[in-house]
Number of protein chains: 2
Amino acid sequence: VSRVLLTGATGFIGRHVLAALLDAGHDVHALSRDEASGAAGAATWHRADLTRAGESERVVAAVAPEALVHMAWYVEHGAYWHARENVVWTEATLRLLREFVAAGGGRAVLAGTCAEYEWSRERYDERTSPLAPATMYGVAKDATRRVAERLLADAGVELAWGRIFMPYGPHEGDRRLLSSVIAALLAGEEVAVSEGTHVRDFIYVEDVARAFAAILGSAVLGPINVATGSGHSIRELVELAAAQIGRPELVRWGSVPPREGDPPRLVADVRRLAEEVGFEPSVGLREGVGRTVAWWRSRPR
Amino acid sequence: VSRVLLTGATGFIGRHVLAALLDAGHDVHALSRDEASGAAGAATWHRADLTRAGESERVVAAVAPEALVHMAWYVEHGAYWHARENVVWTEATLRLLREFVAAGGGRAVLAGTCAEYEWSRERYDERTSPLAPATMYGVAKDATRRVAERLLADAGVELAWGRIFMPYGPHEGDRRLLSSVIAALLAGEEVAVSEGTHVRDFIYVEDVARAFAAILGSAVLGPINVATGSGHSIRELVELAAAQIGRPELVRWGSVPPREGDPPRLVADVRRLAEEVGFEPSVGLREGVGRTVAWWRSRPR
């Protein structure tokens with residue numbers, strides 16, 4: 001149990017990480033650029049924009065965190081793959097880490113991405129798969145990790161770097177794939193999708209969050225895939241949602257092309273997560289999609 | 001001929017780059033954290049600390065540079081290999097590049113380092129030698145380059161990255177190898193050195209500066225070694241200085257160990273510089289050491 005500074009605590013993944021850290025009994029100091037949005041009351045909230053000068057310094061001084069879980073980044077749908085804001089967040093993350101180290105922090109867990117890998121493999125593992133990010137997002141995360149690993153190692157501070165594959169679930173942005181499909185089908189509208197042949201390692205967002213809490217509580221160092229190890233096509237994902245909503249006829253397959261540069265297959269080797277952290281995801285794709293549909297049904301319009 | 005923003009313009013290498021850019025006829029806007037120190041009057045001087053918020057923005061807005069030559073970094077002798085200031089300069093450099101791109105800049109040339117390479121080879125070339133920096137300095141420069149290449153490529157801005165090997169010459173820091181040897185011998189004091197067996201690609205600082213001016217004027221993109229292609233032992237360098245000063249008996253060989261982690265050999269492949277930029281260094285080691293000794297003799301104490 002530690003005093004943990006959590007960034008991005010109102011974000012899609014971060015809000016679930018907040019719940020998982022509280023469940024684990026940590027003294028969580030939750031950070032958000034926005035007003036704290038009424039999430040779990042057991043956390044201490046701090047409002048800060050980490051991209052602004054002096055903000056990391058102020059918050060780290062106020063919290064004196066023993067541990068850091070850094071989920072904040074620029075994630076605007078569609079834009080984030082190539083946006084310059086990725087560079088802003090590289091700078092902001094390095095600044096935050098310098099402050100954390102200078103304040104005597106002991107362990108940091110940061111959000112990485114499968115986009116750090118060279119997208120050319122059947123399966124990706126942390127030790128042998130080549131790194132050659134194809135996007136600004138992947139380049140910025142990869143470069144951030146390179147500097148972070150050296151900075152924290154030299155300071156005697158532990159660093160784990162969770163490479164998240166394809167998270168989905170409640171609170172995902174409205175314009176992202178599963179959210180937009182569910183919203184359209186619930187409204188009785190047609191939805192245009194690609195042929196959906198690309199295979200992804202979809203992981204339910206609460207499993208991502210529990211994995212990060214488990215990684216924080218473990219002694220693992222360096223990059224570690226946060227994924228299920230199972231590949232499913234985008235078609236399977238959409239079909240599950242459409243079946244559960246009961247409107248499969250509204251899906252217009254092949255009416256949009258896949259996004260340029262998207263690799264056919266992104267599936268993780270998860271032995272490190274299983275063996276070194278002892279964590280296995282517990283929510284399968286059918287169950288996860290069901291929970292996401294239920295959340296959308298119950299969501300205030 | 002361009003309007004060039006030059007950073008680090010009062011530094012060891014930067015002051016020589018300033019002269020080379022003025023020689024080439026550019027409209028040079030020279031930047032320094034310190035008071036402009038009376039260097040060539042043909043430049044327009046700006047005082048700024050790029051590690052402080054808002055300074056890059058202010059200077060880039062004032063200059064509206066067509067080209068950027070970025071030589072500024074943290075270079076405190078002994079400390080810079082492992083200092084956290086390398087992270088500060090990664091952040092500062094990325095911020096400067098964002099401002100340069102946003103202001104419509106067209107071509108940037110940045111100072112890289114041979115410390116980006118995995119120190120394990122007979123010779124290093126830009127295309128095939130593996131990158132695995134062994135120091136914080138090397139990691140920070142390498143990560144900066146990775147982000148810079150993507151950021152500028154996405155913005156349609158040219159980037160060349162000059163990997164400097166072992167520069168020496170007038171105005172080098174007093175505590176660095178050749179400076180400290182010359183200063184001691186001129187003062188008639190003994191000087192403690194290692195056995196000096198390590199081989200380096202020493203390049204006279206004015207050749208480094210002319211190479212950067214030539215790279216700016218070329219169309220070359222990406223990493224390019226700035227070196228001579230010739231290896232000389234540290235012993236040769238020190239012996240040349242001692243012979244020219246006439247006090248070889250004051251050198252205490254082997255009285256200090258080589259710095260831990262120093263590779264035995266660091267020599268560049270310079271075909272890219274010769275063939276794609278058309279630049280060859282013109283000052284040999286004997287001549288360069290002679291000029292450096294002469295500068296020390298004439299230097300006000």
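Modeller: Let's start with the pairing: strand S4 (residues 67-70) of chain A runs parallel to S5(A), and four bridges join them. Strands here are DSSP runs of E with at least two residues, helices are runs of H or I with at least four, and both are numbered from the N terminus; two strands pair if DSSP finds at least two bridges between them. One of the contacts to look for is His70(A), whose bridge partner in S5(A) is Leu110(A).

Bear in mind that this is a predicted model, where local features need pLDDT of at least 70, side-chain atom pairs count only at pLDDT 80 or more, and totals for chains, interfaces and linings use all residues. Residues are numbered from 1 along each chain as its sequence is written, chains are lettered from A and ligands numbered from 1 in the order written, and side-chain values use heavy atoms, leaving out hydrogens and water.

Together with helix H3 (residues 85-102) of chain A, S4(A) and S5(A) make a right-handed β-α-β unit. Right-handed means that, with the strands pointing away from you, the path from the first strand over the helix to the second runs clockwise. S5(A) also pairs in parallel with strand S6 (residues 158-164) of chain A, over seven bridges. There, Val109(A) has Ala160(A) as its bridge partner.

Now the burial (under 20% relative accessible area, with exposed over 50% and partly exposed in between, using a 1.4 Å probe and protein chains only). Seven of the seven residues of S5(A), residues 107-113, are buried, so the strand is largely enclosed by the rest of the structure. Arg107(A), Val109(A), Ala111(A) and Thr113(A) point one way, while Ala108(A), Leu110(A) and Gly112(A) point the other.
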